[in-house]
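Work through the exercises below with the structure in view. Try each task before you read its solution.

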Amino acid sequence: MAYHSPYRAPPQISAPPDQGFLWNIFQRSSLLSFTVEEVRVELKRLRPGKAKGLDGVCLRVDKDRSGVISDSELQQALSNGTWTPFNPVTVRSIISMFDRENKGGVNFNEFAGVWKYITDWQNIFRTYDRDNSGFIDKNELKQALTGFGYRLSDQFYSTLIEKFDRQRKGQVAFDDFIQCCIVLQRLTDVFRRYDTDQDGWIQVSYEQYLSMVFNIV
C-alpha cells in the first residue's frame, strides 16, 4: 500500500501569551470559576509530593481525596466554553500523557503539567477563534493546522470537521479541537516512522498498516 502525507515539516505547536483559562469546580452543588491567575496562586500554595495533603484546586478536583485525579474528576473540573461536558476521550488522552505510572489518573506534580498543557491549548484555540464564538470553523481550523505545518486539502478539512464536530454545528469546540490535534499528531508521528526519506510518501504491507492503526487507537 502506498500512502502520501502532505506535511512539509513536523507540526510545531507553541503557545501565545497566557490569556486565561476557566476551571469549573463543582462544590456544594454550585459552579465556581477560577481564572488562570487564581489557579496559579493555588498551585504555588500546594506542596509537591504530598498527595494526601492536597488542598486548593487539587483538593476540589480530587473528589475522593485519593491523591490521584481520575479522568472523571478531571472532566468535571474542565470547561469547554459551551456548557456541555468536556470530551471524555480528550480527557483520557491527556491523562495518558501525564500518568507516568499507569495508575489511571494524575497526582499533584502531574496535575500541574496537565493544567499548563490545557492552558497552552486554550491560548492556541483563542488565537484562531478569531470571532470569539467559542468554536473553530473550517477556515479557522485550516489556519491553525497550516500554522502547525500541515498541508491538507479542503476536502480533508471537511472530513476533520465532520469527525470532531460532536455537537453537529459544523464547527469544533475547544475540547474537540484538542482531540483533533492529538489524533493528527499521533498519525503524523506513526507515518514519519515509515517515511524514512521524508518525501511524504510511504509504502507499507497490510500488517504494517494494521500496526500503524493499532498504535493509534
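**Exercise 1.** Classify R166 as buried, partly exposed or exposed, then do likewise for its salt-bridge partner.

Step 1. Set the cut-offs: buried means under 20% relative accessible area, exposed means over 50%, and partly exposed lies in between (1.4 Å probe, protein chains only).
Step 2. R166 has 38% relative accessibility, so it counts as partly exposed.
Step 3. R166 pairs with D175 through their side chains, at 2.9 Å from N to O. A salt bridge here is a side-chain nitrogen of Lys or Arg within 4 Å of a carboxyl oxygen of Asp or Glu.
Step 4. D175 has a relative accessible area of 0%, so it is buried.

A note on the model. It is predicted: local features need pLDDT of at least 70, side-chain atom pairs count only at pLDDT 80 or more, and totals for chains, interfaces and linings use all residues. Residues are numbered from 1 along each chain as its sequence is written, and side-chain values use heavy atoms, with hydrogens and water left out.

**Exercise 2.** Find the salt-bridge partners of K103 and say how exposed each residue is.

Step 1. One partner is E101, with N and O 3.9 Å apart.
Step 2. Another is E110, where the closest N and O atoms are 2.7 Å apart.
Step 3. K103 is partly exposed, because its relative accessibility is 28%.
Step 4. E101 reaches 58%, so it counts as exposed.
Step 5. E110 has a relative accessible area of 2%, so it is buried.

Why can such pairs form? Side chains of opposite charge can pair when their charged atoms come close.

**Exercise 3.** State how many salt bridges the structure holds.

Step 1. The structure holds eight salt bridges.

**Exercise 4.** Describe the fold in numbers.

Step 1. Count the elements: nine helices and eight strands. These are DSSP runs, numbered from the N terminus: helices are H or I with at least four residues, strands are E with at least two.
Step 2. Of the 217 residues, 42% are buried.

**Exercise 5.** Locate the annotated domain and describe residues 116-151.

Step 1. An unreviewed UniProt entry places "domain: EF-hand" at residues 116-151 and 182-217. UniProt positions follow the numbering used here, feature names are shortened, and annotations may be inferred rather than shown by experiment.
Step 2. Residues 116-151 are 67% helix and 6% strand.
Step 3. The end C-alpha atoms of that stretch are 28 Å apart.
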